[in-house]
Amino acid sequence: MFEVEFPVLNPQVLAVKLTAKGERSVRSHHPWIFSDSIEKVNKKGVSGDLAIIFSHAKNKAIGVGLYDPDSPIRIKMIHFDSGARVDDTFFLEKIQFAFSLRKSLLQTQTNSYRLLFGENDGFPGFIADVYDTVLVVKLYSAIWFPYLEVIVKHLISISGVDCVVLRLSRNVQQNNSHSMLDGMVLYGSLENPVVPFVEHGVHFSAHVIKGHKTGYFLDHRDNRRRVGVLSKGKKVLDVFSYAGGFSVHALAKGATEVTSLDISKQALEIALENGKLNDCLGRHQVIAGDAFVEMERLISEGKQYDVVVIDPPSFAKSAKETALARKKYAQLASLGVQLTAASGMLVLASCSSRVLAVDFFRINTESIKASQRNFKVLDKTYHDTDHPITFPEGAYLKCGYYRLD
């Protein structure tokens, strides 16, 4: 069935007792157990070993996780409230449930979706994205190698894909407990690494071997659709455009002119190509450069747009970067206001999980108020259907729609 041989690993079973704090975390169904919350393990564990969590008071199993000696998050939880037999049926049922949450999305002229969203679907550090008939699995932890073959088998049967590509994070590539390579085809054949797909009737492509993450960013799908609807007959600026997600939706829905701004010339080339996949009459131009610098230049030239979308990468990948991230969001909101025409729409987004939604929206409001322009908050949006949230740290995406005077 498969094009490769999966690593043969035989995980052992560990008996684990946690500190009072750690036990409270498990009982609240939080998926992460840090090393300092572990009080006792009955033997030395290796990556992917099954960790059975026992309660202090009654010595009763209250959850099951996967042991990860290479991470400060020492145990990633995959089951709560009892012990569990982690076998073929265990993974099948979890994947079937995850797929059931996505069924409504597949009725919307969309054939690209996230089938497994890591911890939020009970698969910590495991991402599975579908692009039409190609499934891309990305692993952020080596804990999954003992179970990869059975999981991929079920992903294929449930999604109906013809091909599976494996992507590995940098730290997993450096791990020597397996023989898997980033970009290898696990199942079927991949004639072209650039895979076309459809998102709410708009055509795109994903480079599943070399592209960021699994090849594309699926999380903003509904926001892109909404921006497309708002852009008919409008002049649009898409800042941090990457492969043109917002830009292409705007063009496909009748924008007269779209400017994609990104620091990556390669990403802008992809944006232009994605635009050509659709019947678009509007003009599509690109600007390669630092977003802050280029926005200042556009302001100095007196440029304004009917719709301005600002969707930067995460500014806070660690706690110490949070304060700087807040300043950058305030700066972007201020620049965006100056580039938005009268009665225009300013769309501000964040994917920094360390900057909470309440703080992000407050920053936006304060920045727009400082401009002394009248405005109305039309909407605040969060995660799409295929990115369910089941624990606080799993929530990262937020997007605000602001109508300026």
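This is a predicted model: local features need pLDDT of at least 70, side-chain atom pairs count only at pLDDT 80 or more; totals for chains, interfaces and linings use all residues.
Biologist: Which residues touch the most other members in the largest nonpolar core?
Modeller: Phe126, Trp144 and Leu155 do, in a core of 44 residues.

Biologist: Which element gives the largest share of this core?
Modeller: Helix H3, residues 148-159, with six residues. Other elements that give two or more include helix H2 (88-102) and strands S7 (112-117) and S8 (126-131).

Biologist: What is tryptophan 144 in contact with, leaving aside neighbours within four places in sequence?
Modeller: Its contacts are Leu66, Ile78, Phe91, Gly122, Phe123, Pro124, Gly125, Phe126, Leu139 and Ile151.

Biologist: And the second core, how many residues does that have?
Modeller: That separate core has 31 residues, including Leu237, Phe240, Met295 and Phe315.

Biologist: Back to H3. Which of its residues are buried?
Modeller: Leu148, Ile151, Val152, His154, Leu155, Ile156, Ile158 and Ser159. Their cover includes H2, S7, S8, S9, S10 and strand S11 (185-187).

Biologist: How far does H3 reach from its first C-alpha to its last?
Modeller: The twelve residues of H3 reach 16 Å, close to the 16 Å expected at 1.5 Å a residue. Just after H3, glycine 160 has a positive phi of about 75°.

Biologist: New topic. How much space lies in the second largest pocket?
Modeller: About 390 Å³. Its lining has 17 residues, and Lys94, Glu119, Asn120, Asp121 and Gly122 are the closest to the centre.

Biologist: Which element gives the most to that lining?
Modeller: H2, with five residues. Strand S6 (73-80) supplies at least two.

Biologist: How does the lining divide into nonpolar, polar and charged?
Modeller: Nine residues are nonpolar, five polar and three charged.

Key. Residues are numbered from 1 along each chain as its sequence is written. Side-chain values use heavy atoms; hydrogens and water are left out. A nonpolar core is a set of buried Ala, Val, Leu, Ile, Met, Phe, Trp, Tyr and Cys residues joined through side-chain atoms within 4.5 Å. Buried means under 20% relative accessible area, exposed over 50%, partly exposed in between (1.4 Å probe, protein chains only). Helices (H or I, at least four residues) and strands (E, at least two) are DSSP runs, numbered from the N terminus. Contact means heavy atoms within 4.5 Å. The expected span of a helix is 1.5 Å times one less than its number of residues. On a 1 Å grid over the protein atoms alone, a cavity is a set of points where a 1.4 Å probe fits but cannot get out, and a pocket is an open set with protein on both sides within 12 Å along at least five of seven lines; lining residues have an atom within 4 Å of a point. Grid points are joined across faces, edges and corners, and a volume is the space filled by probe spheres set on the points. Ala, Val, Leu, Ile, Met, Phe, Trp, Tyr, Cys and Pro count as nonpolar, Asp, Glu, Lys and Arg as charged, and the others, Gly among them, as polar.
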